[in-house]
Amino acid sequence: AEGADSRKHRQEKIFSEIDKVRQRRHDRELHFEEVERQRAEESRTREQENFEEWARKEEEFHLQQQRQRSAIRLVEGRERPVDVLAKNLLLFGLTEEEKRDRAKVKYREKYNALDELETLEAELEEPHVFLRDLKLAELEELLADVETFRTLEREAAVAASREDGGEAKRRADDGENPVLRYWDSLRLVTADEIEYVKTGGAGGAHASVVEDIHKMFEGQSAEALKKMRGEVEGKLGRGRSAGPKFDDGGVIDTDYWQMVLNQLNVH
């Protein structure tokens, strides 16, 4: 009996050691899998960071090329309407960071139109006054050019936001980026001028509606206009839902209130 108990004890000890070996092997496998998972995650993170850096530089390059083309046309005296409207931004719109980046570049192009542009005078005419001298075809071309500038500026801002935790994108979405705000407003003003020309100019229906809308703004403080904007956005929010929507005045005319909002944005 004592021999049997001894053998049983040895067997239990052997099985226990086997279980411990299996557990250690299992723990090592789990540890190895976790290490591999962390390595893969770090590799994906590095790849993502490299891609985002590449994307940012790519957007900056396209924007810089667009600015350079515009500056060249201005310097050579063959400017298009969009170049005239971009002129002051090209002269004064570079951020301090952009100025530092340009100063750090070791290789300089033999001919940099943005540098040459500094010999020209600033554009003093208000954009809406400048637009009044353009024909319909010129306005439609301008709208397309403005959209190109606007898209490139926004994409560059979004790409930059990947490095600052989304701050640049937030500023762009909230209208805090002055360059984007300028192009957004210019797009609205140009589209409005196109509609003005298409509907008969000063004696047309569009001009009459815009005149009535502007009378709503007369004598209003900045705070009152801000409140008005919130109310108009509220109407548009309800009006865009499925089916006809109503307020105290009846069915919401979304086309009219969108026009009011557009005029408010550039007022």
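This is a predicted model: local features need pLDDT of at least 70, side-chain atom pairs count only at pLDDT 80 or more; totals for chains, interfaces and linings use all residues.

A search of the whole structure turns up 15 salt bridges. Let's begin with Asp-83, which pairs with Arg-73; their closest N and O atoms are 2.7 Å apart. This pair links distant parts of the chain, since Asp-83 belongs to helix H2 (residues 81-92) and Arg-73 to helix H1, 10 residues apart. Is Asp-83 buried or exposed? Its relative accessibility is 0%, so Asp-83 counts as buried. Arg-73 has 12% relative accessibility and therefore counts as buried as well.

Another salt bridge to look at joins the side chains of Glu-34 and Arg-37, with an N to O distance of 2.8 Å. Here both residues lie in helix H1 (residues 2-75), and because they are three residues apart, about one helical turn separates them. Glu-34 is partly exposed, with a relative accessible area of 31%, and Arg-37 is partly exposed too, at 44%.

Next comes Arg-154, which forms a salt bridge with Asp-184, the closest N and O atoms being 3.4 Å apart. Again the pair links distant parts of the chain: Arg-154 sits in helix H6 (residues 136-161) and Asp-184 in helix H8 (residues 178-198), 30 residues apart. With 23% relative accessibility, Arg-154 counts as partly exposed.

Now for the nonpolar side of the picture. The largest nonpolar core has 21 residues, and the members that touch the most others are Leu-131, Leu-142 and Trp-183. At least two residues of this core come from each of H1, H2, helix H5 (127-131), H6 and H8. H2 gives the largest share, six residues. The helices of the Asp-83 and Arg-73 pair, H2 and H1, are thus among those that supply this core. What does Leu-142 touch, leaving out residues up to four places away in sequence? Its contacts are Pro-81, Val-82, Leu-85, Leu-131, Leu-134 and Thr-190. A separate core of 11 residues lies apart from the largest one, and its members include Phe-217, Ile-252, Trp-257 and Leu-264.

Phe-15 lies in helix H1 and is exposed, with a relative accessible area of 52%.

Finally, here is the setting for these details. The protein chain has 11 helices and two strands, which run α-α-α-α-α-α-α-α-α-α-β-β-α from the N terminus on. Of its 267 residues, 27% are buried, Asp-83 being one of the buried residues. Among contacts with a separation of 6 or more, 68% are between residues 24 or more positions apart. The accessible surface of the chain comes to about 18100 Å², and carbon and sulfur atoms account for 50% of that area.

Definitions and conventions. Residues are numbered from 1 along each chain as its sequence is written. Side-chain values use heavy atoms; hydrogens and water are left out. A salt bridge is a side-chain nitrogen of Lys or Arg within 4 Å of a carboxyl oxygen of Asp or Glu. Helices (H or I, at least four residues) and strands (E, at least two) are DSSP runs, numbered from the N terminus. Buried means under 20% relative accessible area, exposed over 50%, partly exposed in between (1.4 Å probe, protein chains only). A nonpolar core is a set of buried Ala, Val, Leu, Ile, Met, Phe, Trp, Tyr and Cys residues joined through side-chain atoms within 4.5 Å. Contact means heavy atoms within 4.5 Å. Accessible areas come from the Shrake-Rupley method with a 1.4 Å probe; for residues, only the protein chains shown count as cover.
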